[in-house]
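Take a look at the sequence and the 3D structure below. The report after them goes from the overall layout to single residues.

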Amino acid sequence: AAPVKRPGGRLKAAWVEPTGDVCPTTHPVKAKLSSKIFHLPGMLNYDRTKPDRCYRDSHAATDDGLRPAKR
């Protein structure tokens, strides 16, 4: 995972591995690498998506070549 500098000089990884089907609260964006699609909390299929990676935000996911789900 690519680290990103946060305010205060601490680093926060752009993505982390999920724990089972759950992303940590620090990285709530669920991504499927096979489809190159990511799901944000509140989206239609977020709860049933089994993530390959968890991103800190949508910008980190798009910077990694993924696109948002349509709904």
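What follows describes the fold, the sheet, the core and a few side chains.

## Basis of the report

This is a predicted model: local features need pLDDT of at least 70, side-chain atom pairs count only at pLDDT 80 or more, and totals for chains, interfaces and linings use all residues. Residues are numbered from 1 along each chain as its sequence is written, and side-chain values use heavy atoms, with hydrogens and water left out.

## Overall layout

Helices (H or I, at least four residues) and strands (E, at least two) are DSSP runs, numbered from the N terminus. Along the sequence, the pattern reads β-β-β-β-β-β-α-β.

The chain has 71 residues, and 34% of them are buried. Buried means under 20% relative accessible area, exposed over 50%, and partly exposed in between (1.4 Å probe, protein chains only). The accessible surface of the chain is about 4,700 Å², with 52% belonging to carbon and sulfur atoms. Such areas come from the Shrake-Rupley method with a 1.4 Å probe; for residues, only the protein chains shown count as cover.

Contact means heavy atoms within 4.5 Å. Among contacts with a separation of 6 or more, 50% join residues 24 or more positions apart.

## The sheet

Five strands form an open sheet with mixed pairing, in the order β3-β6-β4-β5-β7. The edge strands, β3 (15–16) and β7 (67–68), each pair on one side only. Two strands pair if DSSP finds at least two bridges between them.

Strand β4 has β6 (residues 53–55) as an antiparallel partner, over three bridges. Here Ala-31 has Arg-53 as its bridge partner, and Lys-30 stands opposite Cys-54. Strand β4 also pairs with β5 (residues 37–39), again antiparallel and over three bridges. On that side, the bridge partner of Ala-31 is Phe-38. Strands β4 and β5 form a hairpin with four residues between them. Lys-36 in the turn has a positive phi of about 60°.

## The nonpolar core

Which residues make up the largest nonpolar core? There are nine: Ala-14, Trp-15, Val-29, Ala-31, Phe-38, Tyr-55, Ala-60, Ala-61 and Leu-66. Strand β4 (29–32) and helix α1 (58–63) each supply at least two residues of this core. A nonpolar core is a set of buried Ala, Val, Leu, Ile, Met, Phe, Trp, Tyr and Cys residues joined through side-chain atoms within 4.5 Å. In soluble globular proteins, nonpolar side chains tend to be buried together.

## Charges over rings

Arg-53 lies over the face of Trp-15, at 3.9 Å from the ring centre. Lys-30 lies over the face of Tyr-46, at 4.5 Å from the ring centre. A charge sits over a ring if NZ of Lys or CZ of Arg is within 6 Å of the ring centre and within 35 degrees of the ring normal.

## Two residues in strands

Is His-39 buried or exposed? His-39 lies in strand β5 and counts as buried because its relative accessibility is 10%. Leaving out residues up to four places away in sequence, His-39 touches Pro-28, Val-29, Lys-30, Asn-45, Tyr-46, Thr-49 and Ala-69.

Lys-12 is in strand β2 (residues 11–13). Lys-12 counts as partly exposed because its relative accessible area is 21%. Lys-12 and His-27 are 15 residues apart in sequence and 9.7 Å apart in space, C-alpha to C-alpha.
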